[in-house]
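Dear colleague,

My notes on it follow directly after.

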Amino acid sequence: MSTSAETSTLFIPSGQSDWREIDINFGEFASQEVVVAFIGSNGGGNNLYLDDIQIYSSTANDYDIGIDKVESLPIVTCESDVSMEVHVKNRGSKPIASFSLSYAYGNTSKTEDIILENLLLPGKTEVIEIKISNLSDNAYQMIVQIQEPNGVEDEDLSNNLKTVNFEIASETEVIPIRQKFSKR
């Protein structure tokens, strides 16, 4: 499995496109002992790079969605309108057509029923964008939660919640480009 074209120069991953996400179902080996090995076949030239290897239990739940990450929300911004991307992964064995997404910050909370345009197949990820407008200057803690895949109870609640902190600070300070210092 390669993520880049053949090259005669040294290859070092430098961006997202140099990596590949792959899910392998070992369900057919559920009653056996399994040994996982990573063997590089590269003509003796370049290195083998592996990252974020995760091995899950052999018993998959039918309905299990989880939040992999929340992105695009700045830590500090002067903008009163923000957006974030919630990466929702189907960790179960059944396709997902809908789920409930809730988020809360400050004294505000909201729940949305998400109906997907295409089925979220097992092992796949869907990115949901949340836009929030007219925030005032403050430090916020955003709590994002997903539940009820296909309207049924999620079978593993341990991966359904993420918390992100961010701050709105619209005040600006003029910083001199050039500062003169005097000797004493």
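**Aromatic contacts and the sheet**

Tyr-105 counts as buried, because its relative accessibility is 11%, under the 20% cut-off. Please bear in mind that this is a predicted model.

Tyr-140 is likewise buried, with a relative accessible area of 9%. The rings of Tyr-140 and Phe-166 form a stacked pair, because their centres are 5.2 Å apart and their planes stand at 20°, under the limit of 30 degrees for stacking. Since Tyr-140 belongs to strand β7 and Phe-166 to strand β8, this pair ties together parts that lie 26 residues apart in sequence. Both of these residues are buried.

The count of aromatic pairs comes to two. Tyr-105, Tyr-140 and Phe-166 together form one aromatic cluster.

As to the sheet, it is open and made of five strands in the order β2-β8-β7-β4-β5, with mixed pairing. The edges are taken by β2 (76-77) and β5 (108-120); each has a single partner strand, so one side of each is left without a neighbour in the sheet. Strand β2 runs parallel to β8 (residues 161-168), and two bridges join them. Within this pairing, Thr-77 stands opposite Ile-168 of β8.

With kind regards

Note on methods: Residues numbered from 1 in each chain as written. Predicted model: local features only at pLDDT ≥ 70, side-chain atom pairs only at ≥ 80, totals over all residues. Heavy atoms only, no water. Pairing = 2+ DSSP bridges. Helix = DSSP H or I, 4+ residues; strand = E, 2+ residues; numbered from the N terminus. Phe/Tyr/Trp six-rings, centres within 6.5 Å; stacked < 30°, edge-to-face > 60°. Buried < 20%, exposed > 50% of the residue type's maximum accessible area, 1.4 Å probe, protein only.
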